[in-house]
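Please examine the structure shown here together with its sequence.

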Amino acid sequence: MASKEFGRRQALRASLTGAAALGAAQAGLTPAEAAEGRTPRPPRGAYAHNMEAVGYSDLDHRPAFKMAIRQVRGRWYLYTGHFWDSGWSVVDVTDPRRPEVVAFVPGPADTWTLQVDLSGNTMVTALESVFPNFGGDPSADFEDGVYIWDIEDPVRPRRLSHFRTGGTGTHRNLYPGGRYVHLAAGVPGFTGNIYMILDISDRTRPREAGRWWVPGQRDGEAKEPTTRQPHSHGFCCGNAGDVSLHGPAYPAGDHVYLPYGGAGMVVLDISDVSRPKRVGGLSFSPPFHSRFGVHGVLPVPERGIAFANSEDVSYGAGPAPHASIIDISDPAEPWLLSTLPSPVPPENAPYDDFATRGGWSGPHNINHHQHHPDVQRQGNLFYIAHFNAGLRVYDVSNVRLPREVGYFIPPEPTRRYGPMPEGDLVLQTEDVVVDRRGYIYISDKNQGLWITRYTGPRP
């Protein structure tokens with residue numbers, strides 16, 4: 001058994017792009033063919049179009065969730081949170097063919113440490129209660145809020161402070177550099193996560209600078225009128241929690257764009273961070289599902305557009321998910337431009353519909369960290385993790401007519417590390433980061449880190 005596992009790990013870590021062993025063993029190329037630059041086939045069990053696999057790491061058997069990338073003194077480091085282990089890993093991806101875990105920093109017990117963001121020498125990591133269906137113990141003590149770290153030494157993060165939010169902690173946060181961190185915070189006295197602005201001008205003494213919430217989230221407060229009917233499909237999908245800031249809140253100038261679940265995309269003016277005020281928004285529920293009706297928003301103000309998407313956790317039993325392009329040329333009056341086409345399974349796949357193949361389906365995370373100088377700028381290619389459909393790449397040069405131009409569907413996981421997804425153990429691609437070299441990193445609930453590259457035409 002040990003020899004089989006060793007062989008599998010060696011094969012996955014070898015390069016598919018050069019004259020490496022896997023180029024012959026899995027891609028079906030001889031060394032001479034590889035040297036000629038012929039395009040390798042995807043690894044066994046994978047599907048690819050205009051994509052190639054470059055490298056793989058099992059991350060010491062700690063599946064990753066969110067990721068952030070940076071270059072320091074000529075070396076490239078990927079920072080990851082984890083699904084089933086409390087803590088964070090640092091992965092040296094200078095040679096993307098041979099990623100290497102160079103540090104693991106343990107986190108607090110019984111605490112989700114899924115989320116990570118950074119800018120310069122500062123890293124911010126989220127602390128949150130673990131959902132019961134992900135293995136959490138509701139009676140266990142956990143840490144809440146965020147840790148602030150100094151990462152001047154890239155492989156030895158040094159914790160500077162701990163900001164506590166109370167409640168369930170924080171989920172997806174964003175730190176674009178400078179003075180403020182933008183939190184999606186579960187705090188006492190509120191239903192769902194609210195928007196909180198954290199001042200870290202003194203990184204050892206972070207303090208709250210401002211907050212905003214949708215009317216009705218505060219206990220005893222009148223709710224905004226709604227025509228939505230209660231429903232019960234899927235994970236954590238009661239109507240009471242539909243209006244919740246998933247995060248990250250994404251600032252652009254004096255505005256910040258909030259992916260607020262059933263409340264849609266919300267636009268605030270934060271010119272005075274102590275008093276954020278609503279200036280606009282766009283509802284997506286109905287017709288799309290409500291619980292994570294808007295899961296992520298990425299504004300691209302220089303193009304006058306934003307990308308938005310939902311997260312469908314109903315195992316295909318609820319209303320359709322979406323990935324959309326929005327006109328934000330007037331932040332007070334955003335409107336829908338188009339929706340990205342849903343993925344279609346490859347012709348030789350043993351399933352004919354991603355919605356019914358098992359696991360969660362639909363879009364999840366995008367190449368969000370546009371504030372990182374080492375992340376590829378959002379241009380005419382849009383990258384999105386699509387749960388059981390793997391990584392999808394879209395040509396968005398025509399915002400009225402986006403089209404899919406590439407995909408990479410990794411092999412199915414072979415080992416279950418945690419209780420999700422329920423039912424069959426299937427691929428669940430979670431996050432995507434694209435560095436400015438063009439290497440694409442994707443994570444999964446039950447396998448390691450894949451590094452890929454887009455090889456198709458550039459729009």
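The briefing below describes a predicted model, beginning with the chain as a whole and then turning to individual elements.

The protein chain has three helices and 28 strands; both are DSSP runs numbered from the N terminus, with helices being H or I of at least four residues and strands being E of at least two. Of its 459 residues, 59% count as buried, where buried means under 20% relative accessible area, exposed over 50% and partly exposed in between (1.4 Å probe, protein chains only). Among contacts (heavy atoms within 4.5 Å) between residues at least 6 apart in sequence, 54% join residues at least 24 apart.

**Basis and confidence**

- Residues are numbered from 1 along each chain as its sequence is written, and side-chain values use heavy atoms, with hydrogens and water left out.
- Local features need pLDDT of at least 70 and side-chain atom pairs count only at pLDDT 80 or more, whereas totals for chains, interfaces and linings use all residues.
- The mean pLDDT, the predictor's confidence in each residue from 0 to 100, is 89 for the protein chain, and 87% of the residues reach 70 or more.
- In residues 1-39 the pLDDT is below 50, and this stretch has 53 contacts in the model beyond near neighbours in sequence.
- Residues 227-240 also have pLDDT below 50, with 29 contacts beyond near neighbours in sequence.

- β26 and β27 (residues 439-444) run antiparallel and are joined by four bridges.
- Within that pairing, Val434 has Ile440 in β27 as its bridge partner.

**Strand β9 and its partners**

- Strand β9 (residues 145-150) is largely enclosed by the rest of the structure, because six of its six residues are buried.
- Six bridges connect β9 with the antiparallel strand β8 (residues 122-127), and Val124 stands opposite Ile148 in β9.
- β9 is also joined by five bridges to strand β10 (residues 158-163), again antiparallel, where Ile148 stands opposite Ser161.

**Aromatic residues**

- The whole structure contains 20 aromatic pairs; rings of Phe, Tyr and Trp (its six-membered ring) pair if their centres lie within 6.5 Å, with planes under 30 degrees apart counted as stacked, over 60 as edge-to-face and the rest as tilted.
- Ring pairs link Phe65, Phe83, Trp84, Trp112, Phe131, Phe134, Tyr315, Trp360 and Phe387 into a cluster.
- A charge sits over a ring if NZ of Lys or CZ of Arg is within 6 Å of the ring centre and within 35 degrees of the ring normal.
- Arg437 lies over the face of Trp76, at 4.3 Å from the ring centre, and Arg291 lies over the face of Phe292, at 4.6 Å.

**The loop residue Ser310**

- Ser310 is located in the loop between β20 (305-309) and β21 (323-327).
- Why does Ser310 count as buried? Its relative accessible area is 0%.
- Leaving aside neighbours within four places in sequence, Ser310 is in contact with His289, Phe292, Gly293, His295, Pro321, His322 and Pro363.
- The C-alpha atoms of Ser310 and Val294 are separated by 4.5 Å, although these residues are 16 apart along the chain.

Technical notes
Two strands pair if DSSP finds at least two bridges between them.
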